[in-house]
Amino acid sequence: MKSYSTMKKHYKEDPWRIIEEGFYPEMQKSSESIFSLGNGRMGQRANFEENYSGPTLQGNYVAGVYYPDKTRVGWWKNGYPEYFAKVLNAANWIGIVPILKDEELDLAKCEVSNFRRELNMKEGYLSRSFEATMQNGVSIKVEAIRFLSMVDDETAAIRYKVTPLNYSGKVKFRCFIDGDIINQDSNYDEKFWSEVEKETENDEAYLTLKTKKLDFHVCTGQKVYAYKNGERVSFDSNQLERRKYVENLVTIPAEEGDELVVYKYAVNVASINHSKRELKSRAEEAVYMSAEKGFDQMFENHKAAWARKWEMNDITIEGDVAAQQAIRFNIFQLNQTYTGEDPKLNIGPKGFTGEKYGGGTYWDTEAYCLPFYMLTAGSHVAKNLLLYRYRQLDKAIENAQKLGFDKGAALYPMVTMNGEECHNEWEITFEEIHRNGAIAFAIYNYINHTGDESYLKEGGLEVLIAISRFWAQRVNWSTHREKYVMLGVTGPNEYENNVNNNWYTNYIARWTLTYTIEAIAKVKDDANFWSDFSAKTNFDVAGETQLWNKIVEQIYFPKKENSNLFLQQDGFLDKVDITVKELDPSQRPINQKWSWDRILRSIFIKQADVLQGMYFFEKDFSEEVIRENFDYYEPRTVHESSLSPCVHVVLASKLGMEEKAYEMYLRTARLDLDDYNHEADEGLHITSMAGTWMAVVEGFGGKRITDGRLSFNPSIPKGWESYSFNLVYRESIIRITVNSENIELRNLSDGEIEILVYGKAYAVKGKLNISR
Ligand code: BGC
């Protein structure tokens with residue numbers, strides 16, 4: 001592995017922007033991911049507006065619109081999910097193709113110079129400029145800007161400017177919406193959309209498509225305006241309609257050097273938010289409203305919305321541009337993916353930037369994303385995430401029943417859209433039952449931060465009991481060990497499948513049982529609630545908790561004798577013991593170089609597993625124990641899951657391992673920008689971006705909740721002059737700034753709050769400076 005300083009950096013470093021200079025077709029797919037745009041309601045990869053016949057992954061996605069693609073397996077077995085759901089690649093609405101002297105612009109067929117693209121994270125837009133000489137000798141300059149409105153989240157706008165450099169004559173613009181879309185990850189190469197209706201007028205076009213299953217409808221619309229040298233140009237467009245395609249062909253006569261600008265206002269309205277009957281009229285209304293506001297006004301409103309987001313969300317890092325750019329990139333993408341306002345939605349591992357993982361909900365949401373949204377957007381957003389799972393409890397119970405569990409036990413799916421299990425990878429994902437634990441942990445995490453214990457009665461306890469019932473049935477008594485054991489699981493480390501007694505899974509199972517028993521004690525005295533609740537859940541409190549207590553006392557944990565080292569699973573010490581340092585760098589990432597057989601046998605760990613447990617349950621372990629486990633596991637971890645390095649930053653910071661913490665920080669924060677795992681072309685690692693935020697806040701900032709109080713234990717990486725971030729904690733908004741000498745706390749709300757810094761309590765009202 002190359003160290004960060006020797007790695008080739010494709011994108012220029014800048015605190016607020018991602019910049020690519022030069023045209024690199026081999027990087028196009030990665031750059032399409034990196035420069036992606038989204039607004040929580042829809043998103044898209046940074047595909048070109050014009051044609052591009054080089055390697056590309058065309059991607060437009062509408063939140064919540066998915067397709068249950070039939071599972072593809074060799075031999076079917078009971079318990080396989082029926083389908084693998086995917087948030088669909090939807091109609092391509094960005095199309096604007098300049099045509100000069102009968103040739104359509106296609107950068108794969110041109111000589112391209114001065115290519116530059118920029119993602120402006122502060123203001124939330126993508127811009128691109130270049131000069132191109134086409135095969136017919138015509139040279140043009142193009143400057144394009146687009147954004148997906150953060151204000152009216154069904155709308156977007158593009159300004160596309162063309163200047164002919166050596167040509168006078170007609171310039172045509174083919175402005176289209178193309179619904180004849182393929183999903184790259186379709187299991188049977190099927191197309192998932194069929195046409196409902198379409199309509200084109202002189203400067204408008206609408207296309208309504210529906211999914212072949214589940215009957216989601218989406219109407220995509222466009223309205224086009226043209227300008228020459230700043231003056232509005234009227235036109236009689238040629239309108240073309242064919243199957244799943246609508247077009248306005250706009251012709252503008254031009255002289256060499258004229259600036260021709262096409263504005264395209266686009267909308268996507270979906271039946272998950274509107275009635276099907278009203279889709280088209282809603283789309284028209286949204287397109288007219290955009291056009292009436294105009295590009296500039298829409299853009300100003302959009303920028304103002306981003307400014308408000310940044311005011312709360314920004315993390316500043318002085319003295320290290322690479323680190324600053326990276327954290328903003330992570331925060332930017334998180335805000336583009338999920339705004340938390342719609343309880344129907346959740347956070348797919350790739351957001352709207354690619355097709356891998358199908359846009360489904362994973363344990364990533366509870367284990368990694370919840371803290372970011374809870375502490376920046378507020379507790380209602382975190383609660384929406386919890387309620388999402390509560391609403392799917394019936395399906396989780398059904399899912400457990402399918403696998404042979406009963407009496408109200410719930411197994412939440414590893415991948416889901418609507419509560420049903422829909423993963424695509426039987427051998428790994430199926431046994432990752434640890435996800436159930438993360439869902440329980442999120443309830444604790446939410447209550448611990450917000451103090452909102454009433455959530456237990458609003459759904460939290462029902463979920464906890466159903467998960468505890470699952471664990472109680474999933475373990476079995478081993479007469480050999482005289483302990484409860486858990487067999488045939490896969491831990492977070494997916495480079496081991498079907499293992500016995502995965503330490504992490506056993507630990508989180510035991511923790512869930514304990515926490516559920518504590519939670520019962522908190523609500524049981526409310527007699528009305530309790531009698532309704534026990535009847536609804538058919539809960540035998542004495543009998544069930546007696547068994548749970550027994551399991552808590554007698555569950556088995558694999559551990560190396562005479563040491564503090566917890567073993568990832570039974571038999572772990574039989575492996576050939578080498579460290580990642582001894583691995584030939586040409587063999588990495590091993591998931592692209594080695595057979596699966598070799599990976600499973602090897603000692604190399606994909607992502608934090610024992611250490612994931614120490615991260616969640618840090619209070620249960622002394623520093624000495626955490627250190628011993630960190631020192632053993634980290635050197636054997638290849639971090640080929642994006643979710644791995646962030647956990648290591650938090651633990652390394654706690655252990656005072658500053659260099660390791662910083663190395664891991666760059667790895668999590670710049671994972672996609674520097675493409676550590678050689679897969680940015682597939683889309684960005686959105687859920688791990690929340691882990692990056694955690695790395696700064698909980699890692700360097702050392703933020704914890706200690707006995708109900710906000711506490712910090714800040715450290716600062718060498719080379720950083722300072723860093724700062726904001727947090728919502730209960731009724732207060734707190735800003736902390738750390739430099740090598742001082743810690744400044746600001747209470748941005750009225751009132752006073754007690755905060756612990758390095759274990760000492762301070763009453764914070766207004767501003768307070770503390771020496772380090
Ligand atoms: C990780 C899982 C994760 C999934 C989606 C996998 O590579 O190993 O833990 O849930 O990606 O992010």
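Contact here means heavy atoms within 4.5 Å. The model is predicted, so local features need pLDDT of at least 70 and side-chain atom pairs count only at pLDDT 80 or more, while totals for chains, interfaces and linings use all residues. Residues are numbered from 1 along each chain as its sequence is written, and side-chain values use heavy atoms, with hydrogens and water left out.

Helices (H or I, at least four residues) and strands (E, at least two) are DSSP runs, numbered from the N terminus. Among the elements that cover the buried residues of helix α19 are β20 (316-318), α4 (321-337), α18 (644-654) and α20 (686-700). Those buried residues (under 20% relative accessible area, 1.4 Å probe, protein chains only) are Ala661, Met664, Tyr665, Leu666, Arg667, Thr668 and Ala669.

Polar contacts are pairs of N or O atoms within 3.5 Å. An N or O atom in the side chain of Asp364 lies 2.5 Å from a ligand oxygen, and the side chain of Gln607 also places an N or O atom 2.5 Å from an oxygen atom of the ligand. For Glu494, a polar side-chain atom is 3.0 Å from a ligand oxygen. Of the 310 Å² of accessible area (Shrake-Rupley method, 1.4 Å probe) that the ligand has on its own, the protein covers 94%.

Elsewhere, 5 strands make an open antiparallel sheet, ordered β7-β6-β12-β18-β17. Because β7 (103-104) and β17 (238-242) are at the edges with a single partner strand each, one side of each has no neighbour in the sheet. Strands pair when DSSP finds at least two bridges between them; β6 (residues 96-100) and β7 have 2 bridges, and Leu100 has Glu103 in β7 as its bridge partner.

Key:
Buried means under 20% relative accessible area, exposed over 50%, partly exposed in between (1.4 Å probe, protein chains only). A polar contact is a pair of N or O atoms within 3.5 Å; within protein, one must be able to donate a hydrogen and the other to accept it, and residues adjacent in sequence count only if both atoms are side-chain atoms.
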